[in-house]
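Reader: I'm new to this one. Could you walk me through it, feature by feature?

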Amino acid sequence: MTPPDKGLDAHLVVERGTFRLDVELTAAPGDVVALLGPNGAGKTTALRALAGLVGLTDGHLRLDGAELDRTPPESRPVGVVFQDYLLFPHLTALDNVGFGPRCQGATKAESRAIAAEWLERMGLAEHSGAKPRKLSGGQAQRVAVARALATRPRLLLLDEPLAALDARTRLDVRAQLRRHLAEFEAVAVLVTHDPLDAMVLADRLVVIEQGRIVQEGTPADIARHPRTDYIAQLVGLNLYKGNADGHTVTLDTGPTITTTEDLTGEVFVAFPPSAVTLFRDRPTGASARNLWHCEVAGLETHGDQIRVDLTGELPLAADLTTPAAAELDLHQGASVWAAVKATQTHSYPT
Amino acid sequence: MTRSARRTRRTLQVAGAGAAALLALSACSSSDDSSSSKSDTSASASPKMSGTVTVFAAASLKESFTTLGKEFETAHPGTKVTFNFAGSDTLAASITSGAPADVFAAASPKTMAIVTDKGDGVGTPATFVRNQLEIATLPGNPDKVTSLKDLTKSSLKVVLCDKTVPCGAAAQKALTASKLKLTPVSYEEDVKSALNKVVLKEADAAVVYKTDVHAAGSKVEGVEFPESADAINDYPIVLLKNAPNAVAAKAFIALVQSAEGQKVLSAAGFLKP
Amino acid sequence: MTQLDTSDAATETLKGGPRRRRVRMTGRGVPLPLLVPALVGLAFLLLPLLALLVRAPWRSLPSQLTSTEVWQALQLSLLSATLATAVCLVLGVPLAWLLARTEFPGRRFVRALVTLPLVLPPVVGGVALLLALGRNGVVGQWLDSWFGITLPFTTTGVVVAEAFVAMPFLVISVEGTLRAADPRYEEAAQTLGASRFTAFRRVTLPLIAPGIAAGSVLAWARALGEFGATITFAGNFPGRTQTMPLAVYLALQNDPEAAIALSLVLLAVSIAVLAGLRDRWMTTS
């Protein structure tokens, strides 16, 4: 297997005490890869390893065909946008962006010209003299991106680039960042725990749990075919693992689910909470063939819906409209019947 | 005024009794120990001596006074002698500022005068020893210093005591008397630090007291010089007015002036008064 | 009613209300168990200084202060304290960085060693310096025989002694600031192509400037008041090694009035300098 001489080819192994990160990442120039995972999964460690801020215990790291394993961070063609941006508080926006070019050998005037150009491109020309303290969250984020891009990196790393922003700013900044990433001609890797950010910004998702890749693919693929509870929760699906025999899937825990797909062997079955219908009494002659007796474990508002957590024969989440929930007189401990149409389930091999 | 006179008289009486007791005790100390308790009762006419005697003494007295302090404690069980050895001027300053001390032994009449002028002493201070200056050189006298004049050579690093302390004043007196001009590398704050500069080989020579050279043993070599005769220091001792333990203090002064005390002081290099 | 006032004051403080108003409020807002010891502590610190002022020989002051010896000692004190602070900065800031930003075996131990001059009696420090850097010292003998440099009894010796005693103040202050500063700024600089040294110089140094300033002021003040190590290591010679504290000490021997006068000069100069610096630098920290 010959490594591609363009783009990223990495096998990152980092051991730290009992934690072990072992992740393989490849990306072609122009790719935007999102590392998605719960807290402590090792996403940020992976990012730091790519930047050279953490040494590799094992594995390799090649960028455009060049070995980088032993290259110190300052010599790697890598730009990083840190989670809280880490703009140097004593420098103006202009000098923050010019810092990289200056370190790469540009004169003060040259680096300022480069920086001014980047700020212009980010729509921040009028803020070039401002200290980071005076910038809004969104502006600071754009300065951070400009600062990382001003060194013309071959690999752009973004650590939770939108996490520090409030919901309203986030929407705008996300759209802008998407545009900048789309223009970026080299590899971009972003770390996030927010599935929406990942899906909007990235071409490909890599889901990491406990230091290992549990799933990777396009956002659409992952949204439809989650393979772990974490991903299922992220994309808002009920997910079960079982053994398929034709249209019937017998779950490891006992109950069965009838599906549209005709499969055999180990499969995942997924259906959205909105596909669940609840009844206080056992429905008679219901068309749904999937019917389970459950108990309400919890209720919470989820947008304009009520998310009902159910335990019992099959633990699942169901979304109801508020009037529907009121009509059913749901409360914790209430006994209910949950039905799901086979056509609304989706099964796929593990 | 009458009251103070009366008090002085009384103190003197007490002191006399103390001295008698001391003599009795020191007589006993040469015989066996078992009789010492008996002699204690024999001195019951005077107030019983106990407690702590605090002696402020010039730094140069350290070795000999420490010895005498131990002798005193042995002779008077139940007493304890604590010393504060420092530059006489420092001691004088702390006494006049009210430091609780019983006895002050200074290295010069001038520093003693600081205390007596303020009326902090009892009676006239008595000169108990004298000290003569000597040149301390490195062991083996590598620079071949034989006279005070040799110290004026610019290649030599000489330290003197600061003129504010007795050894410095005495050295200045000797230099003036012999019409010599000496520029030292440092005016040290007391005689011990002047000596230490030679002990540590930072300076080639220091003008200090005979007793200091004596105390330093083989770490320095002493060179006597005739001009030192012009600057012999008298060491006065006095009982302090606010002495918390005047009885024992008197006894200690008596010990210093006794033949026994003088023997210890001579052994340390002091001259008889 | 009082309670209302207090809560009012609290909200005012929380909101970061106008300075003048806050100051007025503090008096009522401070709980007694804190206020009383605080005031006693303040009195404890100020009383001796006050006594110095009360007993100062104001009449003879002018003549005391116009003597050349005083000016010589003052000049020497200011010069040597400033040079000692410079030495502390050049050596102490990198040392603080090493202690705060790197991990090496025995780092805690080294850190404890650095603070040793704080607990060591300065006179012992002076003797130790003599044993190390004196003419016959462990290192000093080589300085003497190779370069003909002897430190004792020289102004350089004064600077060395003062720097020795003052450096821990700077190192501890700067190390504390470094630990409080986010090390990721250095990482950010590195990812932008800065070497570790460039990152330190262009990012960390400006970030910890207030801490460095505070540390320098402490070190300077400590150096200015240094007595024991200086007189032991550098001796006492007017114009060369006799700094103000030495002059004060020796004056105290036979002329306490002169000593008080000298102390007042030292006090006045220190207060002027420290107050000036505080306003400019230390409030920003």
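Predicted model: local features only at pLDDT ≥ 70, side-chain atom pairs only at ≥ 80, totals over all residues.

**Reading the model**

Author: Let's start with one residue: B:Lys144 is exposed, with 9 other C-beta atoms within 10 Å. Residues are numbered from 1 along each chain as its sequence is written, while chains are lettered from A and ligands numbered from 1 in the order in which they are written.

Reader: Where does B:Lys144 sit in chain B?

Author: B:Lys144 is in the loop between β5 (133-137) and β6 (158-161) of chain B. Helices (H or I, at least four residues) and strands (E, at least two) are DSSP runs, numbered from the N terminus. B:Lys144 has a positive phi of about 55°, although it is not a glycine.

Reader: And A:Tyr85, is it buried or exposed?

Author: A:Tyr85 counts as buried, because it has 23 C-beta neighbours inside 10 Å. A:Tyr85 also has a positive phi, about 70°, without being a glycine. Look for it in the loop between β6 (78-81) and α2 (93-103) of chain A.

Reader: What about contacts within chain B?

Author: Two residues are in contact if their C-beta atoms, placed from the backbone, lie within 7 Å. Take the contacts in chain B between residues at least 6 apart in sequence: 78% of them join residues at least 24 apart.

Reader: Which domains is chain B divided into?

Author: Domain 1 (51-130 + 234-267) and domain 2 (133-230); such bounds come from an automatic or database domain assignment. Their C-alpha centres lie 26 Å apart. Where they touch, 10 residues of domain 1 of chain B are in contact with 12 residues of domain 2 of chain B. On the domain 1 side, α4 and α5 (109-117) of chain B each supply at least two residues.

Reader: How should I read a sheet?

Author: Here's the general idea: strands of a sheet pair through backbone hydrogen bonds, either parallel or antiparallel. For the count used here, two strands pair if DSSP finds at least two bridges between them. In chain B, five strands form an open sheet in the order β2-β1-β3-β10-β4, with mixed pairing. The strands β2 (79-86) and β4 (121-131) of chain B stand at the edges, each with a single partner strand, so one side of each is left without a neighbour in the sheet.

Reader: How many bridges join β1 of chain B to β2(B)?

Author: Eight, and strand β1 (residues 51-58) of chain B runs parallel to β2(B). For one of the pairs, find B:Val55, whose bridge partner in β2(B) is B:Phe83.

Reader: What is a nonpolar core?

Author: In soluble globular proteins, nonpolar side chains tend to be buried together. A core here is a set of buried Ala, Val, Leu, Ile, Met, Phe, Trp, Tyr and Cys residues joined through C-beta atoms within 7 Å. The largest one has 124 residues, and B:Val103, B:Phe104, B:Ala206 and B:Phe252 touch the most other members. Helix α10 (residues 155-180) of chain C gives this core its largest share, 14 residues. From chain B, domain 1 and domain 2 each put in at least three residues. A second, separate core of 83 residues includes A:Ala46, A:Phe82, A:Tyr85 and C:Ala189.

Reader: How many residues of chain B and chain C make up their contact?

Author: The contact takes 18 residues from chain B and 18 residues from chain C. On the chain B side, α4 (88-96) and β7 (186-188) each supply at least two. That side divides into six nonpolar, five polar and seven charged residues. In this tally, Ala, Val, Leu, Ile, Met, Phe, Trp, Tyr, Cys and Pro count as nonpolar, Asp, Glu, Lys and Arg as charged, and the others, Gly among them, as polar.

Methods:
Buried ≥ 20, exposed ≤ 12 C-beta atoms within 10 Å, placed from the backbone.
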